[in-house]
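Welcome! Have the sequence and the 3D view ready, and let's walk through them together.

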Amino acid sequence: MVLTLDRLNAAAPDEFVALLDGIYEHSPWVAQAAAPMRPFRTLAQLKRALVVAVREAGRERQLALIRAHPELAGKAAVAGELTAESTGEQSRAGLTHCTPEEFARLQQLNADYNAKFGWPFILAVRGPRGTGLTRAEIIATFERRLANHPDFEFAECLRNIHRIAEIRLNDRFGFVPRQGEQVWDWAEQLARHSDPGFAEQGQLTVTYLTAAHRACARQLEAWMRECGFDEVHQDAVGNVVGRYHGTDPDARMLLTGSHYDTVRNGGRYDGRLGIFVPMACVQALHRAGRRLPFGIEVVAFSEEEGQRYKATFLGSGALVGQFDMAWLDQTDADGITLREAMTQAGLRIEDIPALRRDPARYLGFVEVHIEQGPVLDELDLPLGVVTSINGGVRYLGEIVGMASHAGTTPMGRRRDAAAAAAELCLYVERRAAQDGDSVGTVGMLEVPGGSINVVPGRCRFSLDLRAPNDAQRDRLAADVLAELARICERRGVQYRIEEAMRAAAAPSAPPWQARWERAVEALGLPVYRMPSGAGHDAMKLHEVMPQAMLFVRGGNAGISHNPLETITADDAQLCVDAYTQLLEQLAAEPQP
Ligand SMILES: [Zn+2]
């Protein structure tokens with residue numbers, strides 16, 4: 001029988017625990033601890049309560065929970081001693097049909113893993129889509145995780161246990177995250193297009209106006225039409241624009257979207273998720289034959305990452321009138337100018353100025369994006385509300401000391417440029433951490449012409465400082481520059497430093513941030529507010545209209561700009577649900 005929230009909410013505590021038997025392997029205490037957190041309005045809220053129960057249980061019980069799980073394709077599986085749930089999962093993943101080599105490899109991995117960590121390897125073998133990882137994927141994940149730090153791996157096992165529980169709960173509730181699966185499948189299908197040199201290696205790279213990039217645009221255009229958008233076209237910079245009219249076709253519109261280009265060997269969700277989520281919402285509206293009091297304009301931005309040409313945010317920049325015609329003469333690695341690439345792709349350069357949007361025609365801009373960081377994953381939170389896109393400042397500097405003999409120059413008489421830079425690195429780390437939400441990085445560090453037996457006479461470095469607002473960023477920068485001066489003074493070395501880039505912070509518009517917060521709350525999830533450390537298309541739209549972003553957790557500790565970037569179909573569904581909530585809120589508000 002299918003389980004319902006009503007039944008769970010009404011159950012006596014013992015019955016509640018019995019109804020959730022087997023969700024957390026041999027560990028009824030998890031359900032016991034979650035029982036007092038009732039009533040649950042949503043399945044997401046129930047899942048969260050169970051996660052909280054485990055988070056608050058302390059390390060001993062968490063370790064017992066991990067140890068309650070069987071080894072993958074281990075002795076218990078072979079002897080047929082697993083729970084019904086585990087048997088189903090392991091056989092669905094094909095672990096009961098291993099070749100002798102695969103079986104031997106898994107036994108070796110199990111032994112190595114146990115020897116290193118002291119608990120069994122836990123992996124949600126039904127994977128992010130819920131349909132099962134391949135044996136090759138399982139073995140590759142196993143090998144990769146064997147190298148992790150024990151603290152990280154402990155948490156990763158718990159995260160996998162929560163994912164296993166999520167899928168078991170879905171089965172028991174008869175719940176299928178259909179729109180999330182749709183989003184996931186779109187991401188998978190779009191990732192089939194990749195630039196030459198990368199496609200052959202199974203890597204995803206889609207840079208501006210390559211054949212793969214053009215194929216993505218055509219595919220997005222086709223999907224938008226299938227979803228039921230009223231107007232779909234590609235614009236003069238290659239953005240794919242879909243409009244779904246409101247009840248009044250002249251009503252103001254919600255502007256939304258993200259980018260479909262990728263970094264080299266990137267992930268499938270960076271940018272693209274922010275296109276697919278509103279597409280899924282429009283698809284649902286169209287299927288229901290429903291119009292909102294406002295229109296929805298989804299823009300799949302053609303370029304954000306600045307990979308092929310130096311120009312970045314080319315897609316969203318064009319919408320705010322920032323396409324710089326001087327960019328047209330930039331060349332790519334093969335000497336092809338941007339102008340040639342655009343002309344070859346059939347884009348009409350003369351139409352670019354007309355892409356500039358009139359802010360009066362829009363309600364505002366919202367963007368859904370993967371977090372691209374470890375915070376939400378670590379907190380076991382699927383969604384985060386962005387408070388601000390961090391402002392940043394970058395510098396390139398050089399410290400000049402005195403190159404001298406490494407053997408004959410006594411320690412007290414050195415003018416070591418690299419040691420001075422090292423002091424600065426440590427200061428940046430300490431000072432940025434003081435703010436709690438600032439970040440500072442020395443990403444480039446170089447001793448030009450250095451030798452193993454020479455005290456470094458020169459050291460070049462870069463500085464990247466970011467904070468949620470410009471004042472905080474400026475205080476951070478001022479302190480770092482002052483410390484640089486002090487270090488160099490004390491060490492008797494010279495320095496020069498140049499500002500290379502400065503970008504203003506883009507704080508979320510409070511009413512729009514509040515809409516995302518209410519949307520997350522409506523799903524039964526806690527509202528978690530966080531700044532965005534990375535730049536996004538919303539930064540550009542910020543210059544002309546109110547904006548706010550929603551983040552979704554990435555698996556694998558939120559890794560991004562990397563093929564390991566991943567999200568689950570369930571989290572994608574929560575994005576669609578939150579987005580739907582935001583649309584409902586807007587529809588209920590008096591239209592301006
Ligand atoms: Zn992105």
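## Two helices side by side

Helix 11 and helix 12 run roughly antiparallel to each other. This is a predicted model, and in it the two helices pack at an angle of about 155°. Angles over 145 degrees count as roughly antiparallel, so that is the label this pair gets. To find them, look for residues 178–190 for helix 11 and residues 211–227 for helix 12. Their axes lie 11 Å apart, and helix 11 passes helix 12 in a right-handed crossing.

Which residues make the contact? From helix 11 come Trp-186, Gln-189 and Leu-190, while helix 12 brings Cys-216, Gln-219, Leu-220, Trp-223 and Cys-227.

## The zinc ion

Now turn to the metal. Three residues coordinate the zinc ion: His-259 and His-369, each through its NE2 atom, and Asp-270 through OD. These atoms sit at 2.0 to 2.2 Å from the zinc ion. Along the sequence, the donor residues follow the spacing H-x10-D-x98-H.

## Buried or exposed?

Are these histidines buried or exposed? With a relative accessible area of 0%, His-259 is buried. His-369 is buried too, at a relative accessible area of 1%.

Notes
Residues numbered from 1 in each chain as written. Predicted model: local features only at pLDDT ≥ 70, side-chain atom pairs only at ≥ 80, totals over all residues. Heavy atoms only, no water. Donors = N, O, S within 2.8 Å, 3.2 Å for Na, K, Ca; no water. Buried < 20%, exposed > 50% of the residue type's maximum accessible area, 1.4 Å probe, protein only. Axes fitted to C-alpha atoms, helices over the stretch in contact; angles between N-to-C directions. Helix = DSSP H or I, 4+ residues; strand = E, 2+ residues; numbered from the N terminus. Parallel < 35°, antiparallel > 145°, perpendicular 65-115°, else oblique. Left-handed = near helix turned anticlockwise from the far one by under 90°. Contact = heavy atoms within 4.5 Å.
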